[in-house]
Amino acid sequence: MSGAAGGVGSLAVQLARRSGATVIGLASESNHEWLKSHGAIPVAYGEGVADRVRAAAPSGVDAFIDTFGDGYVELALALGVATERIDTIADFAAAEKHGVKTEGGVAAGPGAKVLAELAGLLADGHLEVPIANVYPLAQVREAYTELERRHTRGKIVLRP
């Protein structure tokens with residue numbers, strides 16, 4: 001999973017682990033301890049990432065969730081993941097080119113039932129929503145600047 005410690009990835013890691021999946025999380029070194037503490041196998045992104053993923057998954061990779069974009073659909077294909085088992089919420093051009101899924105994001109519309117289930121997991125302490133930073137609404141520009149850096153762990157919150 002790319003962007004495994006980001007706003008979407010951090011939740012996807014936890015939910016995948018709850019379902020019993022072995023999760024290999026691509027993230028910067030500064031997020032590796034967080035990933036380990038949530039049951040994921042951390043792998044650093046960057047040059048040589050395919051070899052590092054293969055070493056972490058000697059039996060192969062069955063599925064790939066891309067929450068970051070920037071070539072990760074191609075990485076999943078190079079790792080031998082079937083197109084129907086690749087989902088990106090960040091690289092729509094690659095999805096169109098390779099015929100992979102784009103399920104997630106606003107279009108997914110989780111609905112009341114799913115949101116209630118997630119709220120229950122949060123309330124029971126079975127799901128953590130990491131908060132990278134909280135900004136007052138008047139500092140929305142600063143919040144977006146941080147978001148555009150694409151290196152936050154968890155969510156950025158705007159406070160009215």
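This note walks through the pockets, the salt bridges and a surface patch of the predicted model above.

1. **Before you start.** Residues are numbered from 1 along each chain as its sequence is written, and side-chain values use heavy atoms, with hydrogens and water left out. In this predicted model, local features need pLDDT of at least 70 and side-chain atom pairs count only at pLDDT 80 or more, while totals for chains, interfaces and linings use all residues.

2. On a 1 Å grid over the protein atoms alone, a pocket is an open set of points where a 1.4 Å probe fits, with protein on both sides within 12 Å along at least five of seven lines. Grid points are joined across faces, edges and corners, and the volume is the space filled by probe spheres set on them. Lining residues have an atom within 4 Å of a point. Here there are 30 of them, and Val8, Leu11, Ala12, Leu15 and Gly104 lie nearest the centre.

3. **What lines it.** Helix H6 (111-123) gives the largest share of this lining, five residues. Helix H1 (9-18), strand S3 (64-66) and strand S4 (86-88) each supply at least two. Helices (H or I, at least four residues) and strands (E, at least two) are DSSP runs, numbered from the N terminus. By class, the lining of the largest pocket has 20 nonpolar, four polar and six charged residues. For this count, Ala, Val, Leu, Ile, Met, Phe, Trp, Tyr, Cys and Pro are nonpolar, Asp, Glu, Lys and Arg are charged, and the others, Gly among them, are polar.

4. **The second largest pocket.** This one holds about 740 Å³ of space. Its lining has 30 residues, with Gly6, Gly7, Leu147, Arg150 and Thr152 closest to the centre. Strand S6 (155-159) provides the largest share, four residues. The classes here are 16 nonpolar, 11 polar and three charged.

5. **Two salt bridges.** Side chains of opposite charge can pair when their charged atoms come close. The structure holds two salt bridges, each a side-chain nitrogen of Lys or Arg within 4 Å of a carboxyl oxygen of Asp or Glu. Glutamate 33 pairs with lysine 36, their closest N and O atoms being 3.5 Å apart. These residues are three apart in helix H2 (residues 32-37), so about one helical turn separates them. Arginine 54 and aspartate 51 meet at 3.4 Å, N to O. They too are three residues apart, in helix H3 (residues 49-56), so about one helical turn lies between them.

6. Buried means under 20%, exposed over 50%, and partly exposed in between (1.4 Å probe, protein chains only).

7. **A nonpolar patch.** Leu137, Val140, Tyr144, Leu147 and Leu158 make a nonpolar surface patch of about 440 Å². Patches are made of residues with over 30% relative accessible area and no salt bridge: like charges are joined within 9 Å, nonpolar side chains (Val, Leu, Ile, Met, Phe, Trp, Tyr) within 5 Å. Areas come from the Shrake-Rupley method with a 1.4 Å probe; for residues, only the protein chains shown count as cover. Helix H7 (residues 140-149) gives the most, three residues. Leucine 137 sits in the loop between strand S5 (131-136) and H7 and is partly exposed, at 49%.
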